[in-house]
Amino acid sequence: MPKKIVRLTVSDVRFPTSLEQHGSDAMHTDPDYSVAYVVIETDQGMHGYGLTFTVGRGTEIVVCAVEALSALVVGKSLEEIVSDFRGFYRLLTSDGQMRWIGPEKGVIQLATAAVLNAVWDLWARSEGKPLWKLLVEMDPRKLISCIDFRYITDALTEQEALDILVKAQTGKQQRVDQMLKEGYPAYTTSCAWLGYSDQLLKQLCTDALNDGWTKFKVKVGADLEDDIRRCSLIRQMIGPHNTLMIDANQRWDVGEAITWVTRLAEYKPLWIEEPTSPDDILGHAAISKALAPLGIGVATGEQCHNRVMFKQFLQASALQFVQIDSCRLGSVNENLAVLLMAHKFKVPVCPHAGGVGLCELVQHLILFDYISVSASLDNRMCEFVDHLHQHFRSPVVIQNAHYMPPKDPGYSCEMLESSVQTHQYPQGQVWKNLQ
């Protein structure tokens, strides 16, 4: 029996993380981690859950965009959608009127991601598989049919993408077994938010080391002398052999980025993340070229609008680490395109995560990347932030600083109903108590 979608609801769910400076960085000084949370329901009583991440104000705008897209979803069957997923992706991203407020970027793309994440969750649940397993076990030609190759065939053709997937079939089961046993390597950002005191930073860093973490990211960009002090502190604590990354969250102009990071080079960061405007591809290329002699790479992608921008970043050698985001791009469909392009250009993928639900989502994508695309763990790791996982029905499992593959069917982003109700904005009890 076809599973017809009969209802789509969306909620504005926010967590007051700004009260304790969780998530604070040089550009986002007071984030309230939030989601536009989507639930789709079929006529057979099945549900799919999806979300897109925001940092507070503006979530209500994404909610409006989801509601505008809902008419393109309700009334369709799951079978109809997945039999031509590329067509359905284009239906959402190329509506003759709504694409004017994109196209494929900004609020409308965030909304598209929330809706499509719910559809992928529904598909995985209907197959009784976690999403990573649905992808890994899918026929390569079927997988390719989910991707919109429009605008990227000059960098990656369908045949090239298919060849990558077919080649990676060799050794695939061994990689599945390896992931089930060991998990996917992670790094932590939880120790060094910009608003944290040195005392808290030391305590969190000590705890993380005791828990087996070896890769740490530090927020920088507000004050150079402060950055020097904090990077020195972290490097002293983690020792010379553990990995350090730094993240400026788009704070600098190009020349300023080069000068600033050069001053921090003695602390041996593996990469500088988002050194300048996320739209400035040539600026990132200039920074990459200038920092290469120092052994420092450039990482970006969490605010990269779409596959077209990633294509240009890769073509311009403007980044050395690709940071996909499960909610910034057009869900699984568009992330698949970027994973395949990154493999062709031989650039490692180290996803952006954290926020609300981003860890839960992106773990599926990076497991697929290793098992079915890259077959490599060289210079690869997935971000982890230890906030708000308790609000999910199937929260991430971290063991020995590795993501353990999810076992529950779906895309891992179903939230607890009690959490949705108490954190709904502005009527939830948590927000009423703060008024």
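Reader: Before anything else, what counts as a disulfide here?
Author: A disulfide is a pair of cysteine sulfur atoms within 2.5 Å. This is a predicted model, where local features need pLDDT of at least 70, side-chain atom pairs count only at pLDDT 80 or more, and totals for chains, interfaces and linings use all residues. Residues are numbered from 1 along each chain as its sequence is written, and side-chain values use heavy atoms, with hydrogens and water left out.

Reader: What about cysteine 413, where is the closest cysteine sulfur?
Author: That one is in cysteine 327, 8.0 Å off, which is too far for a bond. Cysteine 413 also counts as buried, with 0% relative accessibility.

Reader: Switching to helices: which residues of H7 are buried?
Author: In H7 (residues 158-167), they are Ala161, Leu162, Ile164 and Leu165. They share one side of H7, because their arc around the axis is only 155°, taken from the directions from the helix axis to the C-beta atoms. Helices here are DSSP runs (H or I, at least four residues), numbered from the N terminus.

Reader: Nice. And how many residues of H4 are buried?
Author: 17 of 22, so H4 is mostly covered. Glycine 128 follows H4, and its phi is positive, near 70°.

How values were computed:
Buried means under 20% relative accessible area, exposed over 50%, partly exposed in between (1.4 Å probe, protein chains only). Helices (H or I, at least four residues) and strands (E, at least two) are DSSP runs, numbered from the N terminus.
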